[in-house]
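Biologist: Hi! Could you walk me through this protein?
Modeller: Happy to, let's open it up.

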Amino acid sequence: MSSDHELELKERVENSLQFIDNLEISIPELLYTQGGMALQEGASAAVDAGSVVAFTDTLNGQQKSDVLNSTLLAQLAANKKFDREQNTLNWYKFYSSVLEQVGWVVPSFQFARLQAAGSRFTVDRAAITLLQAIASPAEISVVQAAINALRGLQDKDHRVVLFESSSHTETLGNFQIATCGVSQSDTVVMKIGAFFFSTTERVTRVLFFSFPRAGTTLQQSRETLTLNEDVYRQVRDAVIKKLGDRATKFIDDLDI
């Protein structure tokens, strides 16, 4: 590594550590006792506040933890800065900026309205269709398994309560569906589908709710993010410290 690159990396890490230290994050009230994080080896998945994140078997436990912690930090910080459902575009801008500060390379989220066929549609199918354009078959397989696992849970299951309470209110919502793998260069890559909506009916289980096409506006974006682990490993402890016990409160394993 050249001295110029080392100096640039050191300066970036110092700026990131200062940013994390000054960051304010929201602390929503939770109404249940949570389980644990998805750190086991092999394919796995987790609810991460208002996100569902799936992992192929190419990631190790530390990499999974890094993905879950960094995306949780970005969500909670964006929640503090902007109303998640009412000021969504600014929410996503700040969400992206937090991810960039901790080491993710993040394209600009470009949203487009979902053009659904028929009089009603469900978001679980829309999410898979969206991600199929950028994700590998293995990545699609694990994210489909994660969605199926969530579908199979009872309404009062703590993972359902966590995701539903974090991702939407009665008629407005903002959530993410992501699948992660490792590239040939051993870089953590996250393919993410980002969604926000307004509708005329009271939403229950958001991924499986039958939305009325005529009364719903659903915006979606698909992006590919990569993690600069040279940066993240140097800010990892600061992210963990900032989250405190929120990582165990807002992240919970899905059995796939």
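Biologist: How many helices and strands does the protein have?
Modeller: This is a predicted model, and its secondary structure comes to eight helices and 10 strands.

Biologist: What about the overall size?
Modeller: The C-alpha trace spans about 60 × 35 × 35 Å along its principal axes. The radius of gyration is 18 Å, which agrees with the value near 18 Å for a compact globule, because the protein has 256 residues.

Biologist: How much of the protein is buried?
Modeller: Of the 256 residues, 54% count as buried. As for the surface, the protein exposes about 11700 Å², and carbon and sulfur atoms supply 47% of that.

Biologist: And the contacts?
Modeller: Among contacts with a separation of 6 or more, 75% come from residues 24 or more positions apart.

Biologist: Which residues sit on which side of S1?
Modeller: Ser 44, Ala 46 and Asp 48 are on one side, with Ala 45 and Val 47 on the other, and both faces are covered. In a regular strand, side chains alternate between the two faces of the sheet.

Biologist: Which strands does S1 pair with?
Modeller: One partner is S2, residues 51-55, which pairs with S1 in the antiparallel sense over five bridges. In that pairing, Ala 46 stands opposite Val 53. Another partner is S10, residues 251-254, joined to S1 by four bridges and also antiparallel. There, Val 47 stands opposite Asp 252.

Biologist: Is Ala 49 buried or exposed?
Modeller: Ala 49 counts as buried, because its relative accessibility is 3% and the cut-off for buried is under 20%.

Biologist: Where does Asp 186 lie?
Modeller: Asp 186 is in the loop between strand S6 (172-182) and strand S7 (188-198). Asp 186 is not a glycine, yet has a positive phi of about 65°.

Biologist: Buried or exposed, for Asp 186?
Modeller: Exposed, because Asp 186 has 57% relative accessibility and exposed means over 50%.

Biologist: Last one: how many positive and negative side chains are there?
Modeller: There are 24 positive and 31 negative side chains, and the centres of the two sets lie 7 Å apart.

Conventions:
Residues numbered from 1 in each chain as written. Predicted model: local features only at pLDDT ≥ 70, side-chain atom pairs only at ≥ 80, totals over all residues. Heavy atoms only, no water. Buried < 20%, exposed > 50% of the residue type's maximum accessible area, 1.4 Å probe, protein only. Helix = DSSP H or I, 4+ residues; strand = E, 2+ residues; numbered from the N terminus. Pairing = 2+ DSSP bridges. Rg over C-alpha atoms; globule rule 2.2 N^0.38 Å. Contact = heavy atoms within 4.5 Å. Areas by Shrake-Rupley, 256 points an atom, 1.4 Å probe, with all protein chains shown as cover. Lys, Arg positive; Asp, Glu negative; His and termini not counted. Charge placed at Lys NZ, Arg CZ, Asp CG, Glu CD.
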